[in-house]
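Here is a short walk through a few parts of this model. Please keep the structure open as you read.

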Amino acid sequence: MARLDSFWLGLFWLDFLALGFITEVSFHAHQSPPRHHFVLQQEAALYCLTEALQLRIKEASETDDAVVCDIPTHFRVYKSGRVERLHQPVFVPAGVDDASGVASKDVILDAGTGLSVRLFLPKLPEPSSSPKKLPVLVYFHGGAFIIESAKSALYHNYVASLAAAAGVLAVSVDYRLAPEHPFPAAYDDCWAALRWASAAQDSWLAEHGDVSRLFVAGDSAGGNIVHNLLVRASSLMFGTGIEGAILLHSFFVGSTAVEGESERAIAITAKLWAFACPDAAGGADDAWINPIAPGAAAAGLERLGCKRVLVCAAEMDWLAARDRAYYEAVVASGWPGSAAWLESEGVGHVFFLLKPDFEKNKQLMDRVVAFIAGS
């Protein structure tokens with residue numbers, strides 16, 4: 001394959017944007033950087049990625065071993081559909097975190113499919129005659145549906161911190177990844193895990209969990225999963241059991257730009273979706289990935305199966321414009337629940353996973369904790 005310097009350069013800048021490093025390197029503390037600076041940087045990065053990705057596809061031969069998509073440090077997709085995952089997460093064993101006191105354990109839900117969950121139980125107060133049970137939060141990790149795991153250090157640490165801060169019993173789902181496991185495998189796994197958690201079919205859940213206060217949350221692809229489960233919950237008359245949903249930097253796509261969305265951002269996200277779900281009936285406007293597509297009545301925004309929704313975005317994330325459009329569509333749909341919006345300024349995609357001590361992360365965590373508490 002030809003060397004594509006533009007591709008590497010594009011990914012380099014996207015990584016920096018996602019981590020929020022440009023904010024810290026280019027500007028003094030307490031000084032808000034101009035938005036156009038980030039937009040230009042992101043446009044350049046997306047241009048490099050788009051051009052390189054198109055070249056890779058064009059140069060692919062007819063053999064099954066031809067590379068049709070190569071995202072350095074993340075994954076490589078071959079014409080045959082085989083995926084080589086270059087991103088190998090560091091897995092963390094379940095146990096007790098000495099600093100926070102959060103305990104975790106793994107439970108296999110389906111040995112045949114490999115579906116499992118990791119439970120996180122925050123440190124409990126001293127035993128009393130009437131111990132207070134904890135809200136239950138089911139979490140779905142991100143990774144474009146293709147990479148990552150509930151057992152990786154990245155997600156183990158984040159969900160453990162969320163359980164400690166919010167005082168919830170968290171259930172983090174290790175669902176099957178695409179494209180080896182075609183859709184709707186990921187949605188089916190997450191639905192099965194949600195039903196399992198709501199039935200308190202575990203000693204921790206039965207003893208410490210209050211399933212009448214059930215929440216769902218996820219980032220990026222996991223935020224997309226949250227939406228699709230809410231639609232399924234409503235259609236199956238399960239929605240009254242979910243109190244709230246938290247969508248963090250959700251992975252939504254569309255063939256037509258929404259206000260504030262770059263055409264190049266559409267090209268990149270649509271290609272990622274095409275590799276994750278090549279058989280999607282509507283392509284980039286399939287209801288799974290674009291719940292606000294024209295005529296997408298099946299998206300069911302007015303029937304989301306929960307009582308409250310918090311939609312979160314990052315200002316410098318190329319998904320932010322579409323996340324805002326999703327929030328606005330929910331509000332305009334006539335859905336009877338309560339919807340809230342939070343946009344973190346000056347940061348990029350899933351910054352809260354990568355920089356736990358960052359002040360913006362603390363602000364986001366405080367908002368999530370308040371949402372779960374009911375305020």
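At the start of α8, a side-chain oxygen of Ser262 comes to within 3.0 Å of the backbone nitrogen of Arg264. This is a polar contact, a pair of N or O atoms within 3.5 Å; within protein, one must be able to donate a hydrogen and the other to accept it, and residues adjacent in sequence count only if both atoms are side-chain atoms. A note on the source: this is a predicted model, in which local features need pLDDT of at least 70 and side-chain atom pairs count only at pLDDT 80 or more, while totals for chains, interfaces and linings use all residues. Residues are numbered from 1 along each chain as its sequence is written, and side-chain values use heavy atoms, with hydrogens and water left out.

Helices (H or I, at least four residues) and strands (E, at least two) are DSSP runs, numbered from the N terminus. Among the buried residues of α8 are Ile266, Thr269, Lys271 and Trp273. Buried means under 20% relative accessible area, exposed over 50%, and partly exposed in between (1.4 Å probe, protein chains only).

Strand β10 (residues 308-314) is mostly covered, with seven of its seven residues buried. On one side sit Arg308, Leu310, Cys312 and Ala314, and on the other Val309, Val311 and Ala313. In a regular strand, side chains alternate between the two faces of the sheet.

Next come some strand pairings; two strands pair if DSSP finds at least two bridges between them.

| Strands | Sense | Bridges |
|---|---|---|
| β9 (residues 242-248) and β10 | parallel | five |
| β10 and β11 (residues 338-344) | parallel | seven |
| β2 (residues 75-78) and β3 | antiparallel | three |

Leu248 has Cys312 of β10 as its bridge partner, and Arg308 stands opposite Ser338 in β11. From β10 the chain crosses through helix α9 (residues 320-332) to β11, a right-handed β-α-β crossover: with the strands pointing away from the viewer, the path from the first strand over the helix to the second runs clockwise.

Elsewhere, three strands form an open antiparallel sheet in the order β1-β2-β3. Its edge strands, β1 (67-71) and β3 (83-85), each pair on one side only. Arg76 has Glu84 in β3 as its bridge partner.
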